[in-house]
Amino acid sequence: MAKKILVTGGTGFIGSHTTVELQNAGYDVVIIDNLSNSNIEVLDGIEKITGIRPAFVQGDCTDIATLRKLFDENPGIDGIINFAASKAVGESVEKPIMYYRNNLNILLNLLDLMPVYGVKGFVFSSSCTVYGEPDENPITESAPTKKATSPYGATKQMSEDIIADVIKSGSPIKAILLRYFNPIGAHPTAEIGELPNGVPQNLVPYLTQTAIGIRKELSVFGNDYDTPDGSCIRDFINIVDLAKAHVKALERMLENKSEEKLEVFNIGTGEGLSVLQLIDAFQRATGVEVPHKIVGRRAGDIEKIWADPKRANEVLGWKAQETIEDTMLSAWNWQKKLRERGIM
């Protein structure tokens, strides 16, 4: 019988792609999402790709009664992948209370209910922001975590500490923290991709919307950083590659491939790319110009960070596969599909 997995925030960008990979791997998926930053039509895209429509509950994970009802109506959930969270660095600086209330309450509710309903494995959607401004790159899992540069990053640090404390207390669960770097791109079918509500907070959807004429120009936040071209450097990872890491993490826990109750993995490519280099990669891959301008630095941004993914490669058995050009082309194909569908 197929193992049943709860994906919180499953109609979002990372959640939808992970649902596809879970279903392709034979898992039975239940999604809960309040649709605050996603669209119900994502379920159609998932079904077109996999031939399976996942079970869906529209609800808010900050409401523990909603979660209890979900577990009662979907017995036998083996694992949870938690994507449900507010996630924009800039917005978190402006709305810290919203970020702390939402992100931490969701986590606490899930950890509270897991032992009650016999859920064994928990994959947490963490972030390289827990490292703060690193002393050196590439960065390994043993690097110290530093004071977060944004409330968003602080919620990730606090969440990791909470999970560790719950496991230390003797809770009968296993957890894997996936510290991802910067997910971009879309599914190669262009059936699902990144579609935030309103003005995008993330770089690539803003870039593609600029390229297609929805936005006037893309702002590059700073060109005076200590990097070769002055713009921030990140480790940009293909969204499908990232989704596959979650499947590997679940397998590791549910098939008892490790005795460890808590493990941490960096999920990145191992290569740093500047914002200006990313724009150039898009233009090379698509032949489309992206109007952009340099503006001042943005509060909460880290200067440069990229992963050492060796542990994920060797221990988890996962490795990033897609090129940056193919990834940017997938993002552009998704944007064009949205235009064809009259969405934007």
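Predicted model: local features only at pLDDT ≥ 70, side-chain atom pairs only at ≥ 80, totals over all residues.
## Around L22

Setting aside neighbours within four places in sequence, its contacts are I5, V7, Y27, V29, I81, V247 and L250.

## The largest nonpolar core

L22 belongs to the largest nonpolar core, which has 34 residues. L22 is among those with the most contacts inside this core, together with I5, L178, L250 and I267. Which elements give two or more residues to the core? The strands are β1 (4-8), β2 (28-33), β6 (174-180) and β11 (262-267). The helices are α1 (13-24), α2 (42-50), α8 (239-254) and α10 (310-316). The most comes from α8, with nine residues.

In soluble globular proteins, nonpolar side chains tend to be buried together.

## A separate core

Another core lies apart from the largest one. This other core has 25 residues, including C61, L107, L113 and L177.

## How α1 meets α2

Two packed helices are described by the angle between their axes and the distance between the axes. For α1 and α2, the angle is about 30° and the axes are 10 Å apart. Angles under 35 degrees count as roughly parallel, so α1 and α2 are roughly parallel to each other. Their crossing is right-handed.

Which residues of α1 and α2 meet? From α1 come S16, T19, V20, Q23 and N24. From α2 come V42, I46, I49 and T50. By class, this contact has four nonpolar and five polar residues, with no charged ones.

Technical notes. Residues numbered from 1 in each chain as written. Heavy atoms only, no water. Core = buried A, V, L, I, M, F, W, Y, C linked by side-chain atoms within 4.5 Å. Buried < 20%, exposed > 50% of the residue type's maximum accessible area, 1.4 Å probe, protein only. Helix = DSSP H or I, 4+ residues; strand = E, 2+ residues; numbered from the N terminus. Contact = heavy atoms within 4.5 Å. Axes fitted to C-alpha atoms, helices over the stretch in contact; angles between N-to-C directions. Parallel < 35°, antiparallel > 145°, perpendicular 65-115°, else oblique. Left-handed = near helix turned anticlockwise from the far one by under 90°. Nonpolar A, V, L, I, M, F, W, Y, C, P; charged D, E, K, R; others polar.
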